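Please find below my notes on the model, as numbered points.

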There are 2 protein chains.
Amino acid sequence: MSLWYAQDYLDHYQMSLEVKESLFMGKSEFQEIMVIETYLYGKALLLDGIVQTTEKDEFMYHEMLVHPAMVTCLSPSKVLIVGGGDGGASREVLKHPVDKVVLVDIDQQVIEICQKFFPQLGKWDDSRLEVIIGDAATFLTTTQDTFDVIIMDSTDPLPAHVAEPLFTQDFFDLAYERLTPGGVLVSQMEPPFFQPERIAELWKRLKNFPLVHLYWGLVPTYPGGVWNYVVASKKNDPTLPRKKLPFTTRYYSDSIHRAAFVLPPFLQVLVEKANR
Amino acid sequence: MSLWYAQDYLDHYQMSLEVKESLFMGKSEFQEIMVIETYLYGKALLLDGIVQTTEKDEFMYHEMLVHPAMVTCLSPSKVLIVGGGDGGASREVLKHPVDKVVLVDIDQQVIEICQKFFPQLGKWDDSRLEVIIGDAATFLTTTQDTFDVIIMDSTDPLPAHVAEPLFTQDFFDLAYERLTPGGVLVSQMEPPFFQPERIAELWKRLKNFPLVHLYWGLVPTYPGGVWNYVVASKKNDPTLPRKKLPFTTRYYSDSIHRAAFVLPPFLQVLVEKANR
């Protein structure tokens, strides 16, 4: 007998992983949650049927989501994570000498499931971390806090899915307002070669930021094998690392930082089109 | 009804593409040959069930296979392509002002099928191109020619598959001898994170070359979404582009050349281990 997980992310394309064991299947108020043990990537968390994170390659995603923005904003003190219920992004942020990290995730059950099945992923007992269960847009409307870095580690903005309201003009305007003058926002986004019109949309909504750049990194379990990130900065150029990290990383390095912003000409054209 | 091509390249992993139409299925003396029309990537050539090239992403692979080696060897005049029966590698080489390109492929039927179904892929009518049907190892033993660049564009060296004898110590020793003093050899190879022991093996066999480097590029239809290349140089450092290309490319650029050699620390460790 063999058990396979098949991911339908793109039309006409499927990535499948053989499953050793199905560890959890359930449905929260917001989404379907699954944890499977795969042969190739160890344990994997799926939300609404899409791989979010796996034990073997989560470091690639989380390091590349977090560190470029953190070193762009030279000495960030307060960081907001939108989503990030698996704990990986906050773990990476907490390696920096920050004062406070606020993690706002809408789905408490995701956090509980991850604490149970992926205990090494988060650093939940760090006293600098505050976890708020709720809608990040509502949080941004009501908070008086400002942040040096906002990290969007949500699911994809698919129509009628839980993260859709996080990628609206209103949300990005709110985020811009809650960022300090040298603040930086970063979000994961799907690779632009599948649906280039989606990046054009996102770019428009970030028009308040003087510096918006796309960069990329490897994540073998994501569709197409690489993932893209958008970083929007109020002041500092995010393409150049301003300092070396004082800790060890497995994917990120200052040379990788620089290289990640180098796009092949065919992607550069898509980005420039989106920029107009 | 829906028709799917499922690729079993790695154990426990499958990449599947929905097929619009199956255009050719046959078996040559050496391998199974298939041409399918996919929704996502256009026409695709499969050898022994593995995607070799597709209309939509072949430029990424062929540009990254060819141009880094060509610009490392400042003014290459004679180039040998081992395999490359789809014509894409020779098309890229012929964009350079070379005097002669010898393409040695063992399987005439692959060339004929590609000329029929992928007419835009090759530049078969260029008078500088000589096509030899035969075994490249035998060719290297008998030829009196020397080459400035040798490009290995074969299938993967899977056990009992047609390309296995091309990745032996004997073959690389022969290739080294037939290269001019500033000569460069480049080969495609699978990404090292799946089977790192394979790169260690390959490295050992390239020990004659003073400069051996790994680099990478995007190829969405290959397993894991990125592909790796090994370049071995007798004299010039291949990590630094020595000139700008006098023609337009869609994936390669001199900045991409530099960035492609920047490896994340976890890969760098694997490569350094292999180097010992």
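1. B:Gly83 has B:Asp153, in strand 9 of chain B, as its bridge partner. Strand 6 (residues 78-83) and strand 9 (residues 147-153) of chain B pair in the parallel sense over 5 bridges. Strands are DSSP runs of E of at least two residues, helices runs of H or I of at least four, numbered from the N terminus; two strands pair if DSSP finds at least two bridges between them.

2. This is a predicted model, in which local features need pLDDT of at least 70 and side-chain atom pairs count only at pLDDT 80 or more, while totals for chains, interfaces and linings use all residues. Residues are numbered from 1 along each chain as its sequence is written, chains are lettered from A and ligands numbered from 1 in the order in which they are written, and side-chain values use heavy atoms, without hydrogens and water.

3. In chain B, 7 strands form an open sheet of mixed pairing, in the order 8-7-6-9-10-12-11. Strand 8 (129-133) and strand 11 (211-218) of chain B each have a single partner strand, so one side of each is left without a neighbour in the sheet.

4. Between the chains, 36 residues of chain A are in contact (heavy atoms within 4.5 Å) with 36 residues of chain B. The count of salt bridges (a side-chain nitrogen of Lys or Arg within 4 Å of a carboxyl oxygen of Asp or Glu) between chain A and chain B is 0.

5. Strand 2 of chain A and strand 2 (residues 13-27) of chain B run antiparallel, joined by 5 bridges. A:Met15 has B:Met15 as its bridge partner there.
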